[in-house]
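Visitor: Please walk me through this structure, one question at a time.

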Amino acid sequence: KAHHRFDNGAVEHVIGNSNTLHYPSGDDHPSEAGSRKATEEFVTLLNVFYHRWQADAPPQSVPAPASAPETQPEPPAAAQASGAGGLIDDFEGGAIPSTGGWESYFEDNTDTELNCATETNLAHAGSGSLQFEFDVAANSWATCGFYFDSVQNWRAGDGISFYLRADRAGLPYDVDLFGGTPGGRTTYIYRGQTPAQSVDGWALVEIRWDQILRADWEENPGTPFDPAEVTGFAFGLSTPEQSRLNGTLWVDDLSLMGAANPPGAQPESGQPDAAESPRRPLFPCAGAMALPALLLTGTIFLRQRSPSAVEQDKAV
């Protein structure tokens, strides 16, 4: 069997002499299990080469890949989110530190339209909120989120909380958290619906870390999110196979849950909707290289190509 991998601190190339015509698939193509094993080895090796390129250092000083637990660096010390009471963003100022600000993404080659921007005429507190206005093509997806330049540690909180308004009740939406590394994000999802009290007022939503689960198209689906490895956050949605989805969400006072919230609020933290349609990947599978996205602005609706649309379509 052939191998191209990073093993015991060294790059290893093993060339076998097996007859590929005897693969269990019946032809000269590997089986599904063989393809998966080759991919796991390749992604790990690619991660090593990426670190070498970034560090511009000789091979002996290259850090071990993130998949090698014996040499994986300790996570950063737990720290409270910026602002009072574990506040992540109250939409009163500029971009969240170490991010490029809130950005919109949607599937390429669709007529989806998005607006992901600060709204100054509607707020839970202060003078601004995030407005996520969407008209998403059938059998597709869209997100509004931010992505960190380095791994963040959110263990100071018990989960995520925010205040939500919507133009109607029953709108399906996702809360997406990204782990891994900025160069190889992993995706975790909580699925909910806009409650009735979000139509005429602000509803407090509180989501525990163990309710945010690994996406079903990635390795180890259904595992809970690790708040010590935060690389991004987004609000997103998926559309049914035969119909579009449009509407508007407003979000304010995004915070780490467990810090003091304004008194008198009633949390709305329903369980994920089992009938939710399957969601398409936002990023490649774990360890894949994330490509920078080019933002196109100039109208109220932002059209932006997903940074890895081709890989996403293959993942589905």
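**Charged pairs, rings and a disulfide**

Guide: A network of salt bridges links Asp111, Asp135 and Arg244; a salt bridge here is a side-chain nitrogen of Lys or Arg within 4 Å of a carboxyl oxygen of Asp or Glu. The model is predicted, so local features need pLDDT of at least 70 and side-chain atom pairs count only at pLDDT 80 or more, while totals for chains, interfaces and linings use all residues. Residues are numbered from 1 along each chain as its sequence is written, and side-chain values use heavy atoms, with hydrogens and water left out.

Visitor: How far apart are the closest N and O atoms of Arg244 and Asp111?

Guide: Side chains of opposite charge can pair when their charged atoms come close. Arg244 and Asp111 form a salt bridge, and their closest N and O atoms are 2.9 Å apart.

Visitor: How many residues apart in sequence are the parts that Arg244 and Asp111 tie together?

Guide: Helices (H or I, at least four residues) and strands (E, at least two) are DSSP runs, numbered from the N terminus. Arg244 lies in the loop between strand 13 (230–238) and strand 14 (245–257). Asp111 lies in the loop between strand 4 and strand 5, so the parts tied together are separated in sequence by 133 residues.

Visitor: Is Arg244 buried or exposed, or in between?

Guide: Buried means under 20% relative accessible area, exposed over 50%, and partly exposed in between (1.4 Å probe, protein chains only). Arg244 is at 35% relative accessibility, so the class is partly exposed.

Visitor: Which strands hold Asp174 and Arg191?

Guide: The side chains of Asp174 and Arg191 meet in a salt bridge at 3.6 Å, N to O. The pair ties together parts 17 residues apart in sequence, because Asp174 lies in strand 9 (residues 172–181) and Arg191 in strand 10 (residues 184–193).

Visitor: What is the relative accessible area of Asp174?

Guide: Arg191 is buried, with a relative accessible area of 19%. Asp174 is also buried, and the value for Asp174 is 0%.

Visitor: What is the N to O distance between Glu218 and Arg214?

Guide: Glu218 counts as buried at 5% relative accessibility, and Arg214 is buried at 9%. Their side chains meet in a salt bridge, with an N to O distance of 2.7 Å.

Visitor: How many disulfides does a search of the whole structure find, and which residues are joined?

Guide: A disulfide is a pair of cysteine sulfur atoms within 2.5 Å. The search of the whole structure finds 1 disulfide. With an S to S distance of 2.0 Å, the residues joined are Cys116 and Cys144.

Visitor: What is the handedness of the disulfide of Cys116 and Cys144?

Guide: Both cysteines, Cys116 and Cys144, are buried. The torsion about their S-S bond is about 60°, so the disulfide is right-handed.

Visitor: Which strands do Cys116 and Cys144 lie in?

Guide: The pair ties together parts that are 28 residues apart in sequence. This is because Cys116 lies in strand 5 (residues 113–119) and Cys144 in strand 7 (residues 141–152).

Visitor: Which residues does Leu130 contact, leaving aside its neighbours within four places in sequence?

Guide: Leu130 lies in strand 6 (residues 129–136) and is buried, with a relative accessible area of 3%. Contact means heavy atoms within 4.5 Å. Leaving aside neighbours within four places in sequence, Leu130 is in contact with Phe91, Trp102, Cys116, Ala117, Cys144, Phe235, Leu249, Trp250 and Val251.

Visitor: How many aromatic pairs does a search of the whole structure find?

Guide: Rings of Phe, Tyr and Trp (its six-membered ring) pair if their centres lie within 6.5 Å; planes under 30 degrees apart count as stacked, over 60 as edge-to-face and the rest as tilted. By that rule, the number of aromatic pairs in the whole structure is 14.

Visitor: What is the geometry of the aromatic pair of Tyr105 and Tyr147?

Guide: The ring centres of Tyr105 and Tyr147 are 5.5 Å apart, with 80° between the planes, and the pair is edge-to-face.
The pair links distant parts of the chain, with Tyr105 in strand 4 (residues 103–106) and Tyr147 in strand 7, 42 residues apart. Tyr105 counts as buried at 8% relative accessibility, and Tyr147 does at 9%. The geometry asked for is edge-to-face.

Visitor: Which residues do ring pairs link into a cluster?

Guide: Phe233 and Phe235 are both buried. Ring pairs link these two into a cluster whose members are Phe91, Trp102, Phe146, Phe148, Trp154, Phe162, Phe233 and Phe235.
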